[in-house]
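Me: I have a structure open and would like to talk it through. Could we begin with a term that I will need?

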Amino acid sequence: GAEKALKSYIVLEEPSAHAPPTPKQILGEVSKLLNEAKAAYSRSNLDVATESIAQAEAMAMSTEPWPETFSALAELERLSGLIALKQKDSAAADEAFRNAFLLNPALTTLDSSMGTYARLLKSKDRGTGQLDIRVDPITAWVMIDGQKGAAGVTPSLEAGTHYISASREGYGGQIQRVS
C-alpha cells in the first residue's frame, strides 16, 4: 500500500509595523549620545563629539517638547560651545552658549566660568526681532526656548536662534529651530 502524503502549510504573516520609539526611549538614546560626545570631547576627539551631538540633537528635535527635551538640548548646545572654544571659533561658541543659557538658565550657575560667559554675552547687543507663530490646532501649547509662550506675534526676542515648540494632548508635538 501507498502511504498517504501529509500536507503542511506554512503561512507567513506580513510584518507588523514596529511601534515607534516612545519619547522616553528617544531621550534615553539622546542621553547615551550626549555621554558619548562628552567622552569624545574629553579625549579631544572633536569630530566624534560633533557627530554624536548632531545625532543627539536630531533625535531630540524629533520627540515631544518635554522639559527633559529642552534640558538635553541645552546640554548639547553647551558642549557645542565648548568644542567651538577648543576650535578657536568664538562666534560659534557665543551662539551655542547663548542658546544653552536660553534653554536652561541654571547653566549660568554651573561654574563661575559659565556665569562669566553668560554675563559677557548679555553685554553684547545683538538686536531684537519677533516671530509670528501659527499652530494647528489653535489650542496647541506653545513654548519658546523651553518657556511658556503663545501663538501669534511674539514679544521682542533677542536676534539669533530660538527653539519653538507646539504640543497638544492627542497630537504629536513638534520642536523647530528658528533663526
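This is a predicted model: local features need pLDDT of at least 70, side-chain atom pairs count only at pLDDT 80 or more; totals for chains, interfaces and linings use all residues.

Me: Thanks. In which sense do strand E3 and E7 pair?

Reply: Strand E3, residues 141-144, pairs with E7 in the antiparallel sense, and 4 bridges hold that pairing. Within it, Val142 stands opposite Ala166 of E7.

Me: And how many bridges join E7 to E8?

Reply: There are 5 bridges between E7 and E8, and these strands also run antiparallel. As an example of facing residues, Tyr163 is opposite Arg177 in E8.

Me: What do E7 and E8 form, and how many residues lie between them?

Reply: E7 and E8 make a hairpin, with 6 residues between the strands. In the turn, Gly170 has a positive phi of about 90°.

Me: Is E7 mostly covered or exposed?

Reply: E7 is mostly covered, as 5 of its 6 residues are buried.

Me: Let me step back to the whole chain. How many helices and strands are there?

Reply: The secondary structure comes to 5 helices and 8 strands. In sequence order the pattern is α-α-α-α-α-β-β-β-β-β-β-β-β.

Me: What percentage of the residues count as buried?

Reply: The chain has 179 residues, and 37% of them count as buried. Its accessible surface is about 11,500 Å², and carbon and sulfur atoms account for 55% of that area.

Me: What about contacts between residues at least 6 apart in sequence?

Reply: Of those contacts in the chain, 58% join residues that are at least 24 apart.

Me: Changing topic: what volume does the largest pocket have?

Reply: The largest pocket has a volume of about 320 Å³. The elements that each give two or more residues to its lining are strand E2 (132-133), strand E7 (162-167) and strand E8 (174-178).

Me: Which of the elements gives the largest share of that lining?

Reply: E7 does, with 4 residues. The lining has 19 residues in total, and those nearest the centre of the pocket are Arg134, Val135, Ser165, Ala166 and Gln174. Ala166 is also the residue that stands opposite Val142 in the strand pairing.

Me: How does that lining divide by class?

Reply: The lining of the largest pocket has 9 nonpolar, 6 polar and 4 charged residues.

Me: And which residues line the second largest pocket?

Reply: Its lining consists of Arg98, Phe101, Leu102, Pro105, Thr108, Ala118, Leu121, Lys122 and Glu158. Helix H4 (90-103) and helix H5 (112-123) are the elements that give two or more residues to this lining. By class, the lining of the second largest pocket has 5 nonpolar, 1 polar and 3 charged residues. The volume of this second largest pocket is about 160 Å³.

Me: Why does Ala151 count as partly exposed?

Reply: Ala151 counts as partly exposed because its relative accessibility is 40%, and that class lies between the buried limit of 20% and the exposed limit of 50%.

Me: Which residues does Ala151 touch, leaving out those up to four places away in sequence?

Reply: With those left out, Ala151 touches Ile133, Val135 and Val142.

How values were computed:
Residues are numbered from 1 along each chain as its sequence is written. Side-chain values use heavy atoms; hydrogens and water are left out. Buried means under 20% relative accessible area, exposed over 50%, partly exposed in between (1.4 Å probe, protein chains only). Contact means heavy atoms within 4.5 Å. Accessible areas come from the Shrake-Rupley method with a 1.4 Å probe; for residues, only the protein chains shown count as cover. On a 1 Å grid over the protein atoms alone, a cavity is a set of points where a 1.4 Å probe fits but cannot get out, and a pocket is an open set with protein on both sides within 12 Å along at least five of seven lines; lining residues have an atom within 4 Å of a point. Grid points are joined across faces, edges and corners, and a volume is the space filled by probe spheres set on the points. Ala, Val, Leu, Ile, Met, Phe, Trp, Tyr, Cys and Pro count as nonpolar, Asp, Glu, Lys and Arg as charged, and the others, Gly among them, as polar. Two strands pair if DSSP finds at least two bridges between them.
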